[in-house]
Amino acid sequence: MLPLNQALNIVKKQFNEIYPGQTDFRLEEVDFDSSNYCNLTVSILLPDLNPPIGIGTFSHAKKYIRLYKKVILNKAEANIESIKNIDAN
Amino acid sequence: MPTKTVILDTNVFILYVLGLMEVGEKGIQRHKTTSIYTIKHFHFLLSLIAHYQQIVISPNIATEVDNLLNRFTGENKYKYLQITTNIFNASTEVYIETIKTTNHTFFLDLGVTDIGVLLMAKNCDLLISGDSQLCDYAKSEGLKVFDFKEYVNKDLFG
């Protein structure tokens, strides 16, 4: 059985490769049951490359955006099956 | 001496209720929103709250908590009703008009409840939240916030 710590390290390593500019990698939620798969919800901070334009939003321009991803991991093979976008709310 | 006030956001509020219900670590982790928390984190939350005299809630937070938790049966149902009633009786409830949240610059990203929490936090001594995105925004607004998910991640994974 793959321990949670190890599972998270696999995901973190993959995210470092996909999103080299990311910071603040976090585990948000976990479903680590007895099946062969575990579902992890993780989040990362990325520089906001498309900040909103306009006077109304000028003072509230964000430097970073937080992305939430749902990761399905195969525990037996210790590899990632899928990564999907999810909404924060 | 002024009363020190603390806001518990939905996610952390659920941990607070489940911990007081003594559902155990498995009971806490059975809920999606509190799945990474442990009993130790509940006790840490209690120690944080102990520095404040008043918990501040909003109707939106209370509704979210009730929608997510009010599915117990038997003994746990009774415990849930008793504990939440006690907490709500001892809390201050702040009402923020929905229109104030939908007109807010951050509405697109955060939604009604979280914007309400941000507006309430301007008049409170501390916001404790397990919502990473809400914490990002609260920090960017210069509000005093305890980022509970950040703490738990550091505690669990270093």
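Me: How does the radius of gyration of chain B sit with a compact globule?
Reply: It agrees: with 158 residues, a compact globule would be near 15 Å, and chain B has 15 Å. The radius is over C-alpha atoms, and the rule is 2.2 Å times the number of residues to the power 0.38. This is a predicted model: local features need pLDDT of at least 70, side-chain atom pairs pLDDT 80 or more, while totals for chains, interfaces and linings use all residues. Residues count from 1 along each chain as written, chains are lettered from A and ligands numbered from 1 in written order, and side-chain values use heavy atoms, without hydrogens and water.

Me: How many helices and strands in chain B?
Reply: 9 helices and 5 strands. These are DSSP runs, numbered from the N terminus: helices are H or I, at least four residues; strands are E, at least two.

Me: Salt bridges now. How many over all chains?
Reply: 12. Each has a Lys or Arg side-chain nitrogen within 4 Å of an Asp or Glu carboxyl oxygen.

Me: What does R66(A) pair with?
Reply: D136(B), closest N and O atoms 2.6 Å apart. R66(A) is in strand β3 of chain A and D136(B) in helix α8 of chain B, so the pair joins two chains.

Me: Are those two buried or exposed?
Reply: Both are buried. Buried is under 20% relative accessible area, exposed over 50%, partly exposed in between (1.4 Å probe, protein chains only).

Me: And K40(B), what's its partner?
Reply: D155(B), at 2.7 Å between the closest N and O atoms. D155(B) is in helix α9 and K40(B) in helix α3, so the bridge ties parts 115 residues apart in sequence.
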